[in-house]
Amino acid sequence: AHDFVLEMLNSMHGIHLREAGGEKKYDQRTQETTLLHHVFGGYTRNQVKCMECHHESNTYESTLDLCLHIWSSRIGSVEAALESYTETEYLDGNNKYKCDECKKYVCAKRGLKVHV
């Protein structure tokens with residue numbers, strides 16, 4: 001069902017763009033301003049924060065859906081699935097982050113936020 005809905009939304013978006021002159025006519029950011037994106041879309045923000053200099057690196061990605069894992073042994077509701085999806089991860093040990101500001105591998109926090 002999820003794949004069907006996502007394919008339907010992508011098809012509707014493609015039809016809208018073709019009627020407006022084609023995908024090549026508009027840059028990616030402008031394509032994200034269609035009615036479909038206003039109704040169903042949003043953005044995810046991936047943020048990594050250096051624990052030494054507190055520099056923050058943010059990456060935004062347009063999305064029409066969120067892939068939530070519901071009904072596992074520790075997740076029993078949509079709210080719990082959203083909390084798990086946006087849970088902060090600590091990068092340390094063998095999994096350190098190379099900070100753009102410090103120019104070295106450091107401990108960091110990585111998290112995802114949903115923007116609508």
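Analyst: Met12 lies in helix α1, which covers residues 2-19 (helices, H or I, of at least four residues and strands, E, of at least two are DSSP runs, numbered from the N terminus). The model is a predicted one, in which local features need pLDDT of at least 70 and side-chain atom pairs count only at pLDDT 80 or more, while totals for chains, interfaces and linings use all residues. Residues are numbered from 1 along each chain as its sequence is written, and side-chain values use heavy atoms, with hydrogens and water left out.

Met12 counts as partly exposed because its relative accessibility is 41%, where buried means under 20% relative accessible area, exposed over 50%, and partly exposed in between, with a 1.4 Å probe and protein chains only. Together with Phe4, Val5 and Met8, Met12 forms a nonpolar patch on the surface, and the four have about 380 Å² of accessible area together. Such patches take residues with over 30% relative accessible area and no salt bridge, joining nonpolar side chains (Val, Leu, Ile, Met, Phe, Trp, Tyr) within 5 Å and like charges within 9 Å; the areas come from the Shrake-Rupley method with a 1.4 Å probe, and for residues only the protein chains shown count as cover.

His37, in helix α3 (residues 35-40), counts as buried because its relative accessibility is 12%. Leaving aside neighbours within four places in sequence, His37 is in contact (heavy atoms within 4.5 Å) with His13, Gln31, Glu32, Ser62 and Leu64.

Turning to the sheet, four strands form an open arrangement in the order β2-β1-β6-β3, with antiparallel pairing. The edge strands are β2 (56-63) and β3, each of which pairs on one side only, and neighbouring strands are turned by 20° against each other on average, direction ignored. Two strands pair if DSSP finds at least two bridges between them; β1 (residues 42-50) and β6 (residues 108-115), which run antiparallel, are joined by eight, and Lys49 has Lys109 as its bridge partner in β6.

Leu91 belongs to strand β3 (residues 89-91) and is buried because its relative accessible area is 5%. Beyond its neighbours within four places in sequence, the contacts of Leu91 are Val48, Lys96, Tyr97, Val106, Cys107, Ala108 and Arg110.

The charged pairs come next. The whole structure holds two salt bridges, each defined as a side-chain nitrogen of Lys or Arg within 4 Å of a carboxyl oxygen of Asp or Glu. In one of them, Arg110 pairs with Glu89, the closest N and O atoms being 2.7 Å apart; this pair links distant parts of the chain, with Arg110 in strand β6 and Glu89 in strand β3, 21 residues apart. Arg110 counts as partly exposed at 35% relative accessibility, and Glu89 likewise counts as partly exposed at 33%.

Glu52 forms a salt bridge with Lys104, with the closest N and O atoms 3.2 Å apart. Glu52 sits in the loop between β1 and β2 and Lys104 in the loop between β4 (97-98) and β5 (105-106), so this pair ties together parts that are 52 residues apart in sequence. Both ends are partly exposed, Glu52 at 47% relative accessibility and Lys104 at 41%.

Definitions and conventions
Axes are lines fitted to C-alpha atoms, for helices over the stretch in contact, and angles run from 0 to 180 degrees between N-to-C directions.
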